[in-house]
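Let's take a friendly look at a protein together with its ligand. We will begin with the surroundings of the ligand and then turn to the backbone.

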Amino acid sequence: MSRLIINGQKRLEGHVYISGAKNAAVAIIPAAIISNDICVIENLPVIEDVIILSKAIEKIGASCEFRDEHTLIIDSRNIKSCYAAYDSIKKIRASYYLLGALLGRFKKAEVALPGGCNFGVRPIDQHIKGFEALGAKVTVEHGMIKAIASKLVGANIFLDIVSVGATINIMLAAVFAEGTTIIENAAKEPHVVDTANFLNMMGAKIKGAGTDVIRILGVENLHGAQYSIIPDQIEAGTYMISAAITHGDVMVHNIIPKHMDSLSAKLREMNCNVEEGDDFIRVIAKDKLSSSNIKTMTYPGFPTDLQPQMTALLSVANGTGVITETVWENRFQYIAELKRLGANIKVDNKIAIINGTKNLTGAQVCATDLRAGAALVIAGLAAQGQTEIDNVKYIDRGYEQIEEKFRMLGADIKRVDD
Ligand code: UD1
């Protein structure tokens with residue numbers, strides 16, 4: 001068990017380098033096993049979820065070798081099993097991508113129902129609807145999802161809800177389906193595009209990723225590929241918000257500034273200076289922060305995965321801000337912890353009303369999920385005195401070397417292992 005100890009109110013200054021995107025990595029590792037060949041995945045973040053997934057694909061027969069800590073060589077020529085047991089994947093929700101990948105390649109898959117961060121019911125009905133439309137029979141029994149097909153045939157699939165997971169999973173299953181698959185009302189998130197680019201590099205024929213209509217023309221074979229994962233939009237946003245809350249001056253490098261548009265706009269609205277370069281953003285927050293209202297949306301809207309971090313920021317801004325969460329039904333559990341640091345927040349169902357206070361004060365708190373943990377770190381950086389964050393395992397699922405990166409920016413933060 002690890003804890004993070006932060007002595008707050010240090011102004012962040014300097015440079016931070018963003019790692020590869022977690023949500024792209026957890027899709028691209030399963031995508032690699034469709035190829036029946038060798039793939040080299042570069043710019044992987046060094047985080048728990050990547051380790052868990054690489055072990056999970058090893059268990060079904062792939063061989064995984066880290067050439068260096070960010071580069072994984074996946075040889076999927078000897079995969080024998082289509083069964084991913086609960087033990088190997090229970091901790092990550094993205095394990096459901098093994099379902100699409102195995103179904104696509106072997107026409108059968110049996111994968112444990114996913115776990116992951118807990119912020120509400122997390123159905124996968126749209127994934128299942130997609131697999132069934134392609135011709136698979138899908139059953140859920142004893143905590144396992146089974147999908148089996150004699151053959152997969154392209155279909156028109158209109159998603160009832162814009163779902164990142166369903167969009168990617170259907171793409172994975174459809175790369176070998178006969179004919180054309182069309183996904184309408186598809187998610188447009190950067191990691192959807194990244195996964196499609198990787199599949200195309202292996203020989204898939206996917207068009208339209210990044211728009212709400214994706215067309216997949218089935219192919220007969222894929223080959224290995226070498227691919228570098230995009231930078232992590234949410235990690236970048238977390239450091240941008242940290243710069244704002246500490247009235248700092250931080251250059252966030254190795255990013256795609258376009259992915260940050262919705263956050264950059266909000267930070268400007270809140271009185272920060274946000275400058276963009278080709279692959280960096282500089283956030284300078286000299287002035288008093290003013291409040292803002294935020295509604296989480298699918299991309300290119302404001303990402304739900306930056307919602308908790310923004311709540312932390314609004315809790316010290318001047319005035320009242322309103323956050324409306326439209327993606328997840330129950331993503332405000334962490335607010336009880338922010339209140340322990342002195343935040344003044346009222347929650348009514350999917351709306352949080354945040355009255356900015358002059359100062360947060362350090363306290364002992366507990367991360368309830370990955371991004372909630374990031375919000376507590378951000379609040380701790382701004383709080384007077386010491387903040388101690390428990391349950392760091394959640395934060396480690398998605399942030400590479402979080403305390404080292406913050407220390408480089410001048411934060412007083414350390415990890416204590418019990
Ligand atoms: C992904 C991200 C997660 C992010 C979320 C929304 C990964 C590994 N995780 O999760 O960090 O918070 O996108 O940007 O990429 N839904 C259904 N039925 C389904 C699927 C989803 O009703 O079959 C609902 C969900 O309950 C949720 C909404 O659709 O309310 C969006 O979910 P989805 O985009 O699928 O999220 P994930 O892919 O699980």
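## Around the ligand

The shell around the ligand is made of 11 nonpolar, 7 polar and 5 charged residues. Here Ala, Val, Leu, Ile, Met, Phe, Trp, Tyr, Cys and Pro count as nonpolar, Asp, Glu, Lys and Arg as charged, and the others, Gly among them, as polar. In total, 23 residues surround the ligand, and the closest include Ser-163 and Asp-305; a residue is near if one of its heavy atoms lies within 4 Å.

This is a predicted model, in which local features need pLDDT of at least 70, side-chain atom pairs count only at pLDDT 80 or more, and totals for chains, interfaces and linings use all residues. Residues are numbered from 1 along each chain as its sequence is written, and side-chain values use heavy atoms, leaving out hydrogens and water.

## Contacts with the ligand

Which atoms meet the ligand? A polar side-chain atom of Asp-125 lies 2.7 Å from a ligand nitrogen atom. For Val-164, a backbone N or O atom is 2.7 Å from an oxygen atom of the ligand.

Most residues other than glycine have a negative phi, and most peptide bonds are trans. His-142, however, has a positive phi near 50°, and Asn-254 has one near 65°. His-142 counts as exposed because its relative accessibility is 80%, while Asn-254 is partly exposed at 39%; buried means under 20% relative accessible area, exposed over 50%, and partly exposed in between, with a 1.4 Å probe and protein chains only.

The peptide bond from Tyr-299 to Pro-300 is cis, with omega near 10°.

Notes. Polar contact = N/O pair within 3.5 Å; in protein donor to acceptor, adjacent residues only side chain to side chain.
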